Amino acid sequence: SFLTYIPYAVLAAMTFPAVFFAVDCIPAAAAGVVAGVIVALAGGSLFTVAISASAVVYVLLLIL
C-alpha cells in the first residue's frame, strides 16, 4: 500500500517549489498556497482551489 502514495508524493515534490518561484513576491505566493489549502480542506473542487489561490496571489500582488 506504500507504493500507492508515490505518485502523489512525486507530484507534490515537483509542484510545491515551483509555486514559490512563479511570482516575484514570495509572501504573496505563500498566501496563495495557504488559501488553496484552506479551500481544499473545506472540500472545494480542483477548479475552485486553483481560482481562489490565483485570486489571492493576484490581489496581493496588486497591493504589494
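Phe-16 and Phe-20 sit four residues apart in helix α1, a spacing of about one turn of the helix. The model used in these exercises is predicted.

**Exercise 1.** Find the aromatic pair of the structure and classify its geometry.

Solution. 
- Step 1. The structure contains one aromatic pair. Its members are Phe-16 and Phe-20, with ring centres 5.1 Å apart and an angle of 80° between the planes.
- Step 2. Ring centres must lie within 6.5 Å to pair, and planes over 60 degrees apart count as edge-to-face. The pair of Phe-16 and Phe-20 is therefore edge-to-face.

**Exercise 2.** Decide for Phe-16, Phe-20 and Met-14 whether each is buried, partly exposed or exposed.

Solution. 
- Step 1. The cut-offs are under 20% relative accessible area for buried and over 50% for exposed, with partly exposed in between.
- Step 2. Phe-20 has a relative accessible area of 19%, so Phe-20 is buried.
- Step 3. Phe-16 has 46%, so Phe-16 is partly exposed.
- Step 4. Met-14 belongs to helix α1, which covers residues 6-20. Its relative accessibility is 59%, so Met-14 is exposed.
- Step 5. Met-14 also takes part in a nonpolar surface patch of about 560 Å², together with Phe-2, Leu-3, Ile-6 and Val-10.

**Exercise 3.** Summarise the protein chain by its secondary structure, its box and its surface.

Solution. 
- Step 1. There are three helices and zero strands. Along the sequence the pattern is α-α-α.
- Step 2. Taken along the principal axes, the C-alpha atoms fill a box of roughly 45 × 25 × 15 Å.
- Step 3. The chain has 64 residues, and 19% of them count as buried.
- Step 4. The accessible surface is about 4,900 Å², and carbon and sulfur atoms account for 80% of that surface.

Methods
Residues are numbered from 1 along each chain as its sequence is written. This is a predicted model: local features need pLDDT of at least 70, side-chain atom pairs count only at pLDDT 80 or more; totals for chains, interfaces and linings use all residues. Side-chain values use heavy atoms; hydrogens and water are left out. Patches are made of residues with over 30% relative accessible area and no salt bridge: like charges are joined within 9 Å, nonpolar side chains (Val, Leu, Ile, Met, Phe, Trp, Tyr) within 5 Å. Accessible areas come from the Shrake-Rupley method with a 1.4 Å probe; for residues, only the protein chains shown count as cover. A salt bridge is a side-chain nitrogen of Lys or Arg within 4 Å of a carboxyl oxygen of Asp or Glu. Helices (H or I, at least four residues) and strands (E, at least two) are DSSP runs, numbered from the N terminus. Buried means under 20% relative accessible area, exposed over 50%, partly exposed in between (1.4 Å probe, protein chains only). Rings of Phe, Tyr and Trp (its six-membered ring) pair if their centres lie within 6.5 Å; planes under 30 degrees apart count as stacked, over 60 as edge-to-face and the rest as tilted.
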